[in-house]
Amino acid sequence: MATYLEFIQQNEERDGVRFSWNVWPSSRLEATRMVVPLACLLTPLKERPDLPPVQYEPVLCSRPTCKAVLNPLCQVDYRAKLWACNFCFQRNQFPPAYGGISEVNQPAELMPQFSTIEYMIQRGAQSPLIFLYVVDTCLEEDDLQALKESLQMSLSLLPPNALVGLITFGRMVQVHELSCEGISKSYVFRGTKDLTAKQIQDMLGLTKPAMPMQQARPVQPQEHPFASTRFLQPVHKIDMNLTDLLGELQRDPWPVTQGKRPLRSTGVALSIAVGLLEGTFPNTGARIMLFTGGPPTQGPGMVVGDELKIPIRSWHDIEKDNARFMKKATKHYEMLANRTAANGHCIDIYACALDQTGLLEMKCCANLTGGYMVMGDSFNTSLFKQTFQRIFTKDFNGDFRMAFGATLDVKTSRELKIAGAIGPCVSLNVKGPCVSENELGVGGTSQWKICGLDPTSTFGIYFEVVNQHNAPIPQGGRGAIQFVTHYQHSSTQRRIRVTTIARNWADVQSQLRHIEAAFDQEAAAVLMARLGVFRAESEEGPDVLRWLDRQLIRLCQKFGQYNKEDPTSFRLSDSFSLYPQFMFHLRRSPFLQVFNNSPDESSYYRHHFARQDLTQSLIMIQPILYSYSFHGPPEPVLLDSSSILADRILLMDTFFQIVIYLGETIAQWCKAGYQDMPEYENFKHLLQAPLDDAQEILQARFPMPRYINTEHGGSQARFLLSKVNPSQTHNNLYAWGQETGAPILTDDVSLQVFMDHLKKLAVSSAC
Amino acid sequence: MNVNQSVPPVPSFGQPQPVYPGYHQSSYGGQSGSTAPTIPYGAYNGPVPGYQQTLPQGMFLFLLSDPPASASQSLPVQCEASADFKGLPGSQPFGSPLAPVGNQPAVLQPYGPPPTSAQVTAQLSGMQISGAVAPAPPSSGLGYGPPTSLASASGSFPNSGLYGSYPQGQAPPLSQAQGHPGIQTSQRSAPSQASGFTPPASGGPRLPSMTGPLLPGQSFGGPSVSQPNHVSSPPPQALPPGTQMTGPLGPLPPMHSLQQPGYQPQQNGSFGPARGPQPNYGSPYPAAPTFGSQSGPQPLPPKRLDPDAIPSPIQVIEDDRNNRGTEPFVTGVRGQVPPLVTTNFLVKDQGNASPRYIRCTSYNIPCTSDMAKQAQVPLAAVIKPLASLPPEEASPYVVDHGESGPLRCNRCKAYMCPFMQFIEGGRRFQCCFCSCINDVPPQYFQHLDHTGKRVDAYDRPELSLGSYEFLATVDYCKNNKFPSPPAFIFMIDVSYNAIRTGLVRLLCEELKSLLDFLPREGGAEESAIRVGFVTYNKVLHFYNVKSSLAQPQMMVVSDVADMFVPLLDGFLVNVNESRAVITSLLDQIPEMFADTRETETVFVPVIQAGMEALKAAECAGKLFLFHTSLPIAEAPGKLKNRDDRKLINTDKEKTLFQPQTGAYQTLAKECVAQGCCVDVFLFPNQYVDVATLSVVPQLTGGSVYKYACFQVWCEEQVGGLSLEGRHVALVIPFALTVHVASGIRAVDFFGAFYMSNTTDVELAGLDGDKTVTVEFKHDDRLNEESGALLQCALLYTSCAGQRRLRIHNLALNCCTQLADLYRNCETDTLINYMAKFAYRGVLNSPVKAVRDTLITQCAQILACYRKNCASPSSAGQLILPECMKLLPVYLNCVLKSDVLQPGAEITTDDRAYVRQLVTSMDVAETNVFFYPRLLPLTKSPIESTTEPPAVRASEERLSNGDMYLLENGLNLFLWVGASVQQGVVQSLFSVSSFSQITSGLSVLPVLDNPLSKKVRGLIDSLRAQRSRYMKLIVVKQEDKLEMLFKHFLVEDKSLSGGASYVDFLCHMHKEIRQLLS
């Protein structure tokens, strides 16, 4: 392998794993001094078109506490038909099916290129996927219409054998029975009353009658199909029916008086959806898809009262402890999320409204269950329509890009312990020898449940080196980690993907350079950012920033080259050079800054940040800026105010937004209509280029970013201006004396100032 | 014992006229003499004249009777009938007098009017009774007879009356003698007597017989039949008739003679009480001796009181019908006693509310509470504010007083009525209730004429009529908003039971057509009422039937613990707009639940849901619940089976009538607040706890209908449902207020409603069948001049959503003499009140105590009469006021009713059901309910279209060669005698012999022959008269089912221990004697 960069890339492509450190410090003490923890970003279901699943089951280590899967790192005695577990060193007999094994006849899982392998399990009944729509009817007429159309369209995208169900809510909650002919039936629930799962099931008639009526006629045995089939029906059977039903959906008929919000029982609706699935299809793949057009205004989980004159809580209110419904609502949704997670179902939230909809309170529903969270202005926008459509896209095999009910099991070699994970998962509370007492993220376990995931879902997994300084690891020793992901494939099969990786141990004293070179600053930035965001959920914003700053300074102190007390002498090696810049942008990002963001927006941004893969996460931290001009092909430029030039077109991708910004001159040309003149066709092409590129991004991204087309001086230009490094502001405009670039009206420090400061602190011995 | 009927005298008059002119003349003559008195009478009745004119005969009668009466009171004169207890003997004598009466219907009629006052004195059995009788005759004989008899009746004595009728005829005495001995002791005598009767039946002949009182039997029979008054003989006292009789008799004769002369005058003056009577009395007695002699011979036969000798309800009804059925009843005069409820008559409103709206126990109220206490006659009014009227009578006019709303007294808030006095040239008016002087608003001003009446009095209903309506202003509306039209919600049980019996399918079919018959306002083309549908078992299903939908939508609410309405728009719809969807729904409901296996049902949540729906729609309305079983599903109002027959006759028996939980009352309260009236139709096949389920309908002004063992194959019931469906409520009222003049106040209310305070009755709904009974007590002394006024104001929303006030006014007389009170009572209303009082009593007291209270009260009433009005006679004589001569028989029926004395086959549910029903029954309903009608089918010619005359409800009256229909408003039996002609059987049942008739049959085959048509027509017409559908049951003589039938023969001893009429009369007599001594 040539460079670490290539190594890293190769590993990522093969295993979907990126470590912050690719050579591991060999003792606990050294590891803690490295500042950035040993951790990795794992994309368990990374798409591997080149990796067909094998049709048999994995061979497991026989030690009950280990149960590691046979992998290429294991030592094999072909004659004795034995293999040694590389995690616990247990010697295991191969199963009889492996009788023909030899050096030349190895099973796939022993080949080094199959460090990641997928098994398909044939056993067990396959249960169909379940999609339960939970639809808010307190919408404007055209919004509701658009939503109805989207839902009807989605029916054609669902797997034909999937089960669908429909719950609508407004002031009341209606569970629609889909099986009946003729008259349409629904069960109605009061929107203000929380019910236990048992009650819900009783009321829906899902519990079996206690006494099967001996006195009346005997119950015919075949009369016992799923009682729940009344509410959940295979798409192919009832799609016509359901299409009609959706078509007849009316806005919530209860009158809403002037000055009031419609009464919206989101909390109860979700509770009923959860209860319904809990009772009927526990532990099978199911999506509860909540479509809501406003905040819950009554019942458990209510976020704001129905008086319009009292606005929904803002960050300001929350800081002042003035959000009276927040705590209770959050508790309600957390309880629901935990139940849902326990059942292996996931909850998607599609919230489309101009105002907030209570995502702050509801976020855990999506966060803990691996569901999607989509925020838009209206259901009648392409943002929602296409995002929703994209959920049902298929991969190269024609399978849906979604998986359900997964458990992620992590095994480590003895020198390592697991500190925690950050991502859309919940702990399964499996203690074991390899679980660390120190927690980072969701810790205290070696297994997590991931109810819904897709090929891009990425988890940050944090480790702790536990090897003691005085027990050195022999030269050339390698640490190993195995990730075992059981999941339900969208084709309803159970599958197991096993990734086993190993890295070299290195002694910090002697091999610091080695370790330095193997630092993956991108991964490290994202992993640190996840930690920061994770902390921000529970801590005050400034504390988190301070923590991040301190970590950064310590890292610079550790790995920078400088003379004490001489900031100008400070240098960072290539493998660290971008890291401070990432941190700078992270500090300014909406993940940590709540200023100018509503609580809902913050929740939304953080939700996505905690599940996207490394590339996307980096875009989120530091948006990408491309510049288009007549001077040459499009080029990436610094995310800096100096890049905003009059004769350029800029394309900024912040993951959530795509901004096309026409420089002042370009905008004037545009207004003058040059692009329509044949002699200026090249201008037309120039204008078109960023649009095409943006389209490309739009095609691939989930959720659909907000697409903004603006120009110099346009109000929407703020999206761009708020992201770029404010190297020119009203404060230093003249000092810089440049005529290019655009000054940003802000008091924020610029990257230059930030760096200067950092250098100063890094070299000072006081710190 | 003897029954002396004052009536008889009257009859005698009557007879003379129609039947035996000759005779009459004579008697008449005498009477004519008496006519003098009549004149005063006429004056008195000033207003009435029309009436009298119309009926010449009546006139006569009046005259006759009146003279005596006239003095004291308007029409009625009391006739006292003295029955000798010794009864039998007494009866005989009477019989003789009576006989004539009985024979001559015409006579009776005339009598009718006056009769009210008739007293029956019965002398105690063995004792003096006979004597009394005996004397009487003589007295009459003295010449007293003709005219006086009436007089005597009124005042002093029955005897006199009797005698009067047969002056010389006094033969009766003989009969008396016989009676005495017989008394109750031996029943055997009865038959013999009976036989005797039959012969006497022919009135004509009797007269003669009377003259010659010789034949006791005959005379006896005659009288009993004809005359209302009865005398019961004291049972045990079979004293040596002869001796006793003699004793009493002796005195009488002289008395009579004396009396007669003096008598008339007396009557004029102080009728009733002491003076007149006493002297008279004395005289009659002496007379007795003569009698005694007669009696002497006869003693043997009479062993028990002859049923024919005692007052017969049938006879009274017939008499009243004949006497008063032909002339309209004009309400202009204060304190008139209206015709009986069983009589068909027209009413002319001239300032007082029609008796169809209000009936009182007495039309003459004692001036002081002391008197009232003494008399023990309850003062109560049975008000049926929305009674339906025959087509000939106009419904109340609507008066619009414009924006200021109806004119009312500022102080007591009484509404403008004909009794308000305009003064100061019409600028002010004085409230007739509280005497407050109010200004007349300028727009209402009108000059007065020379009599102080407003010139426009006859142009304004509120100044000239007893009943009228005001258009209410917005101030009279809830939340100061005009109401929207009411809604009907149909709620159908779709549990396994309901499906299995076919009820649901049937209902859905019926509903389709019923929807065309929703009540509508006046000439409106379509009903403004909106309808909604709910089905339920353990959960509720609401239906969205919005007209824009292609298919109805069903919404299930399973949260029965916390009921709510799941939809707003589309639940309550206009029938015509949504007809297609509704039809589709009703078609589908039976299909949807065809396979249901759900047996549990809920109840409270269903009503709650309906109420919430009305609340959400902001309107009042009515719920129709069709329910089949005990609600045992887990929900509020869950009930358990507590049907425990062991509790009967224990102190805990009352719990059977009380609701199981308070949830029902609470709910009812909420319903009332919302104006939600609830009708419950029960189709149980086992215990459903009617006592609890009926709480809500009861308090919300709804009804309970119960169809036991419903089976759809019984097609007849289909008709039943639809009938009742069409009877749906007319209006959704809000409150009913009763204003009364100062001096009395309303203290107690009975009926289907809720009261949040003690004066205003809150009703969620009221229909034309519902009555409210109000009891009054004295506050202060009443004034004889001004009388007592009663105003009943009903604030309601009409079925088109119009807010209105319906006002009924009634003026009553006040009296200082107890006799006046007794002369103006109405027994039917009294019974109605007493039954309601007793039926409410069982909720709180042991049934036995309630029964005793009733008996005691009745005894007190009669004893008071006897003591104060009926002049001294021997204690052995039972004397009943003419107006109340049926009180014992009716009271006995009440006492024997299922609620107060359950038979073995009566279920707890039935008792609770009946108890609840009676609470809101009107007088006509209680009358037939307690004393069923028994109609012979083949007696009358087949061509006659009228109902055959009823016979008394006793097994003795059944002939095994005949068939009878029996109905009491709830049940309908067709009893077939064992030896009915084969032809009859064939033409009615289409089978060849009696033995082939299916017992328990409930539908008669439709055959094309006159008899079949007639019987079926009769059945239909009976059903049409009742608000509830009566299921027909065919009962064969000697069949098992006959037990059921016999239960309704109320004059007989009942299996459950109820006394026979005769026994009860004796018992009553004993009670009275005890009180008197």
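Let's start with a helix pair in chain B: helix H31 (residues 847-868) and helix H38 (residues 1061-1076) pack at an angle of about 60°, with 9 Å between their axes. This is a predicted model, in which local features need pLDDT of at least 70 and side-chain atom pairs count only at pLDDT 80 or more, while totals for chains, interfaces and linings use all residues. Residues are numbered from 1 along each chain as its sequence is written, chains are lettered from A and ligands numbered from 1 in the order in which they are written, and side-chain values use heavy atoms, leaving out hydrogens and water.

**The helix pair**

- Helices (H or I, at least four residues) and strands (E, at least two) are DSSP runs numbered from the N terminus; axes are lines fitted to C-alpha atoms, for helices over the stretch in contact, and angles run from 0 to 180 degrees between N-to-C directions.
- Residues of H31(B), including B:Ile855, B:Leu862 and B:Arg866, meet residues of H38(B), including B:Phe1064, B:Glu1071 and B:Leu1075 (contact means heavy atoms within 4.5 Å).
- The residues of this contact comprise ten nonpolar, two polar and three charged (Ala, Val, Leu, Ile, Met, Phe, Trp, Tyr, Cys and Pro count as nonpolar, Asp, Glu, Lys and Arg as charged, and the others, Gly among them, as polar).

**Aromatic rings**

- Over all chains there are 61 aromatic pairs (rings of Phe, Tyr and Trp, the last by its six-membered ring, with centres within 6.5 Å; planes under 30 degrees apart are stacked, over 60 edge-to-face and the rest tilted).
- A:Phe291 and A:Phe388 are edge-to-face, because their ring centres are 5.3 Å apart and their planes stand at 85°.
- A:Phe291 belongs to strand E13 (residues 286-292) of chain A and A:Phe388 to helix H10 (residues 382-391) of chain A, so the pair ties together parts 97 residues apart in sequence.
- A:Phe291 and A:Phe388 are both buried (under 20% relative accessible area, with exposed over 50% and partly exposed in between; 1.4 Å probe, protein chains only).
- One aromatic cluster includes A:Phe291 and A:Phe388 along with A:Phe131 and A:Tyr350.

**A buried threonine**

- B:Thr700 is found in the loop between helix H27 (695-699) and strand E20 (704-706) of chain B.
- B:Thr700 is buried, with a relative accessible area of 0%.
- Not counting residues up to four places away in sequence, B:Thr700 touches residues including B:Ala668, B:Cys671, B:Ala752 and B:Gly765.
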